[in-house]
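Student: Before we discuss the helix packing, may I see the sequence and the structure?

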Amino acid sequence: MDQTIIYIEKVSDLVKAISELFYQQKNQEALAAMPSLLDGIMNLSGMISEKEGITEENKQELVKVMGDSLMAMENKDYVLLADILQYDMIETLDRYKDMFV
């Protein structure tokens with residue numbers, strides 16, 4: 001299995017865990033895990049940028065979802081943040097995974 005796919009799955013698992021913490025209103029635990037997620041997203045973004053055949057639009061999907069996530073964090077709307085992570089982020093990561101198969 002491609003290392004990038006394994007990394008995408010790792011980031012996806014972290015996203016699911018963090019969103020679940022937000023849904024359980026364990027906001028401090030979830031916020032404490034966010035730096036790990038941001039590091040994972042940054043690393044993944046670099047991997048995606050190096051992949052040939054991925055359009056600029058595809059590359060920007062992750063940036064858009066992260067922007068939405070950060071806006072929800074700034075507004076302390078943790079339910080919205082959980083929704084963005086659970087649905088938008090997971091969907092984007094699944095699309096990326098399909099591109100590396």
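Tutor: A crossing is left-handed if the near helix is turned anticlockwise from the far one by less than a right angle, and right-handed if clockwise. Helices are DSSP runs of H or I with at least four residues, and strands are runs of E with at least two, numbered from the N terminus. The model is predicted, so local features need pLDDT of at least 70 and side-chain atom pairs pLDDT 80 or more, while totals for chains, interfaces and linings use all residues. Residues are numbered from 1 along each chain as its sequence is written, and side-chain values use heavy atoms, leaving out hydrogens and water.

Student: In which handedness does H1 pass H4?

Tutor: Axes are lines fitted to C-alpha atoms, for helices over the stretch in contact, with angles from 0 to 180 degrees between N-to-C directions. The axes of H1 and H4 come within 9 Å and cross at roughly 165 degrees. H1 is therefore roughly antiparallel to H4, as angles over 145 degrees count as such, under 35 as roughly parallel, 65 to 115 as roughly perpendicular and the rest as oblique. The crossing of H1 past H4 is left-handed.

Student: Against which helices do the buried residues of H1 pack?

Tutor: Buried means under 20% relative accessible area, exposed over 50%, and partly exposed in between (1.4 Å probe, protein chains only). In H1 the buried residues include Ile-8, Val-11 and Val-15. The buried residues of H1 pack against H2 (27–50) and H4 (78–99).

Student: Is Ser-69 buried or exposed?

Tutor: Ser-69 lies in H3 (residues 56–74). Because its relative accessibility is 0%, Ser-69 counts as buried.

How values were computed: Contact = heavy atoms within 4.5 Å.
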